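Notebook open, viewer up. I want to look up pockets, sheet order and ring contacts, and jot down the cut-offs as I go.

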Amino acid sequence: GKIIYASDASGSADIFEISPNGGDVRQLTSGMNRNYAPAVSPDNRFIAFHSNRSGVFQIWRMDRDGSNPVQLTFGNSESHWPEFTADGKFLIYEHFEPGQSGTAWRVPVEGGKPVKIADGFAVRPELSRDGKWLGYWQNDGQDKSPWRLALFSLTENKQIRTFDLPSTVQIGWDT
């Protein structure tokens, strides 16, 4: 019955909850650098988000009430935009390695080794509600290369189709 969102209203980027009528605002993170892109688990137990509280943006999970933050990804490169799988067992996210374009990865919600799930440049992955499909922005990873939407089958573990977009479409890491 609450809406979870990120805002700079506290003077830093933090995660909040609010009632649908606009009342009962509650701050769930505080004083931990910048926290963005909250996603609530299907069973309402956890909130996943990306944060630079450990130095570089990584994927984190906390209890639904904002307690018990757990870092799920590690390293010197950035990970962003987590989404829970339909069964709530994994998080899908975009990850950047030095000298490489963004790629789609998954990590167990309880922690463990992250696994790359799609080769090639894949940013802002978005899961279908049934958990069978993954969509993402894709291009050749070069300046001014055209953007496409890609459709990846998680059951077949392969990219199924791409959709060309007008050359005027430009995608940024946070847009």
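Terms first: helices (H or I, at least four residues) and strands (E, at least two) are DSSP runs, numbered from the N terminus. A pocket, on a 1 Å grid over the protein atoms alone, is an open set of points where a 1.4 Å probe fits, with protein on both sides within 12 Å along at least five of seven lines; lining residues have an atom within 4 Å of a point.

This is a predicted model, with local features needing pLDDT of at least 70 and side-chain atom pairs pLDDT 80 or more, while totals for chains, interfaces and linings use all residues. Residues are numbered from 1 along each chain as its sequence is written, and side-chain values use heavy atoms, with hydrogens and water left out.

I looked up the largest pocket and got a volume of about 230 Å³, taken as the space filled by probe spheres set on the grid points, which are joined across faces, edges and corners. Its lining has 13 residues, and Thr85, Ile92, Arg106, Gly131 and Leu154 are the closest to the centre. Strands E9 (90-95) and E11 (115-118) are the elements that give two or more residues to this lining. E11 gives the most, with 3 residues.

**Sheet.** Next I checked an open sheet of 4 strands, in the order E4-E5-E6-E7 with antiparallel pairing (two strands pair if DSSP finds at least two bridges between them). E4 (35-40) and E7 (70-71) are at the edges with a single partner strand each, so one side of each has no neighbour in the sheet. E6 (residues 58-63) is joined to E7 by 2 bridges. I also noted that Arg61 has Val70 in E7 as its bridge partner.

**Rings.** How many aromatic pairs does a search of the whole structure find? I got 3, where rings of Phe, Tyr and Trp (its six-membered ring) pair if their centres lie within 6.5 Å; planes under 30 degrees apart are stacked, over 60 edge-to-face, the rest tilted. Tyr5 and Phe16 are stacked, 5.6 Å centre to centre with 15° between the planes. Tyr5 is in E1 and Phe16 in E2, 11 residues apart. Tyr5 is partly exposed at 26% relative accessible area, whereas Phe16 is buried at 7% (buried is under 20%, exposed over 50%, partly exposed in between, 1.4 Å probe, protein chains only). Phe121 and Trp147 form a tilted pair, 5.6 Å centre to centre and 40° between the planes. Both Phe121 and Trp147 are buried.

**Charge over ring.** The charged end of Arg124 sits over the ring of Trp81, 3.6 Å from its centre (NZ of Lys or CZ of Arg within 6 Å of the ring centre and within 35 degrees of the ring normal).
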